[in-house]
Amino acid sequence: MKTRIAIIGGGASGVLAAIHLAQRTDPKEIMVIEPRARIARGVAYSTTEPVHLLNVRAANMGALADGPGDFVSWLAQHGPDTADGTRFMPRMVWGDYLAGRFGATGIPVLHGRRVTRLEVRGGTTILHLDDGNTVETGMTVLAMGHALPVDIPCVDGIARDSGRYVRAVWDTWPRWPAADAPVVLVGSGLTAIDVLLRLRRGGYGGVITMISRHGLLPCAHGPVEPVPSPVIPADTTPTARQYLRHVRVALKNGVSWRAAVDSLRPCSNALWARLPDTERRRFRRHLFHRWHTARHRMAPPVARRIAEEIATGRLVVRRGHVAGLSGNGHDLRVHVRTRAGEEEFAADMVMNCTAPDTNFRRVDTPLLRCLLDTGMAVPGDLDVTFATDANGALVGRDGKPSTRLHAIGPLRAGSLFETTAIPEIRQQAHALAAFLFPS
């Protein structure tokens, strides 16, 4: 098979790239390679749970960079009662919207196949598929989304084979917990919130304990009075301490924390780029968890539900580090390190809800391993994902950006601070299409 542009991955990132590319070149010259049966779903939008809501208001979830309100227009056509830009819609509805917008382009999709390695021959890139076939292409867009989370250390064979420990929480679970038996969620971010909601909707009524290093839940969305300029000026001395100082001054002067965080969204990547590696590591170590919980918020209905869970004692949030899991045939023993010392307690199931692994050297995916082993890609800043240039081109071992391989979305975390939310990915897709096919 041959195509001018191959997009590896048909989740949100790949589909947004495809939609924007189709505005500038013949859609029949584009091919999306997606292992899943459905397009435009990926990890986040493959959910079928109506309780899993977007954490961005509908008014800013349009697929087009020049039309962020397109999603609301689509809602008006498909269900006028839901066409409210202030609402946080179910993620599965947004998946339907994105699939529809993609379908209108006529771009062909190769379903049920994975690219296992790349090979460059002259001016052509050969994509080797897991069924033995190949695709020849001139340009390739990498849009594989998130990797699995880092595995919990010291999981013994009994625990792993029992089905009581789930690392891939977005896949089909091998079993469900007993109705009232305790469940542990490792992590307390938005993934853990989603798993809790899925458990409750499935009828589980027991106590859920979330354990994370900082013991923080995501903050809730609420009213925001925008400020006219970012609370961290562009010429601020590039240190984590100085960035924090400016935020604190803004809060002291009456700027709400939501407005302060939102004011930084357009410039956070530029501010991050100015920090030397020592300061980036300092930010990651001391401030990132605070930023993450304030930046990636819960929709108000979800926040109210979580508050009720805590108030009734059905959700317990603890600070600690899960150091291991052991099984005995009846349940799991969870080994936790806390400031007070080491603790051990029983759980019927343990779900790994920590962040995706961004160190591609240890991610067991053939394509990622191929790119690193051949030098077509190198790790990005702080050994995160891949190094890319301003246009998303992969930087190779020779230090030069590729003219054939580009990344989008989470794969650009090695160079960008913000690269996982739809508004940011949408803008990346627009910029990539404009770079590859300038007017």
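Biologist: Which helix gives the most to the lining of the second largest pocket?
Modeller: Helix H6 does, with six residues. This is a predicted model, where local features need pLDDT of at least 70 and side-chain atom pairs count only at pLDDT 80 or more, while totals for chains, interfaces and linings use all residues. Residues are numbered from 1 along each chain as its sequence is written, and side-chain values use heavy atoms, with hydrogens and water left out.

Biologist: What makes a space a pocket, and what makes a residue part of its lining?
Modeller: On a 1 Å grid over the protein atoms alone, a pocket is an open set of points with protein on both sides within 12 Å along at least five of seven lines; a lining residue has an atom within 4 Å of a point. By that rule 22 residues line the second largest pocket, and Leu244, Val247, Leu264, Phe283 and Trp291 lie nearest its centre. Helices H6 (240-252), H7 (257-263), H8 (268-274) and H10 (288-295) each supply at least two of the lining residues.

Biologist: How much space lies in the second largest pocket?
Modeller: About 510 Å³. Grid points are joined across faces, edges and corners, and the volume is the space filled by probe spheres set on the points.

Biologist: How does the lining of that pocket divide by class?
Modeller: It has 19 nonpolar, one polar and two charged residues. Ala, Val, Leu, Ile, Met, Phe, Trp, Tyr, Cys and Pro count as nonpolar; Asp, Glu, Lys and Arg as charged; the others, Gly among them, as polar.

Biologist: What makes a space a cavity instead?
Modeller: A 1.4 Å probe fits at its points but cannot get out. The count comes to one cavity of 30 Å³ or more. Trp272, Arg284, Asp381, Leu382, Val384, Ala413 and Gly414 line it.

Biologist: Why is H5 called roughly perpendicular to H11?
Modeller: The axes of H5 (190-201) and H11 (300-311) cross at roughly 75° and come within 11 Å. Axes are lines fitted to C-alpha atoms, for helices over the stretch in contact, and angles run from 0 to 180 degrees between N-to-C directions. Roughly perpendicular covers 65 to 115 degrees. So H5 is roughly perpendicular to H11.

Biologist: Which residues make the contact?
Modeller: Ile193, Leu196, Leu197 and Arg200 of H5 meet Val302, Arg305, Ile306 and Glu309 of H11. Contact means heavy atoms within 4.5 Å. Five of the contact residues are nonpolar, none polar and three charged.

Biologist: How do you know that S12 and S13 pair?
Modeller: Two strands pair if DSSP finds at least two bridges between them. S12 (332-338) and S13 have seven, in the antiparallel sense. Arginine 333, for one, has alanine 346 in S13 as its bridge partner.

Biologist: Why are S11 and S13 at the edges?
Modeller: The open antiparallel sheet runs S11-S12-S13. S11 (321-327) and S13 (341-347) each have a single partner strand, so one side of each is left without a neighbour in the sheet.

Biologist: Which strands stand at the edges of the five-stranded parallel sheet?
Modeller: The order is S7-S14-S8-S9-S10. S7 (165-166) and S10 (315-319) each pair on one side only. Five bridges join S9 (208-212) to S10.

Terms used: Helices (H or I, at least four residues) and strands (E, at least two) are DSSP runs, numbered from the N terminus. Angles under 35 degrees count as roughly parallel, over 145 as roughly antiparallel, 65 to 115 as roughly perpendicular and the rest as oblique.
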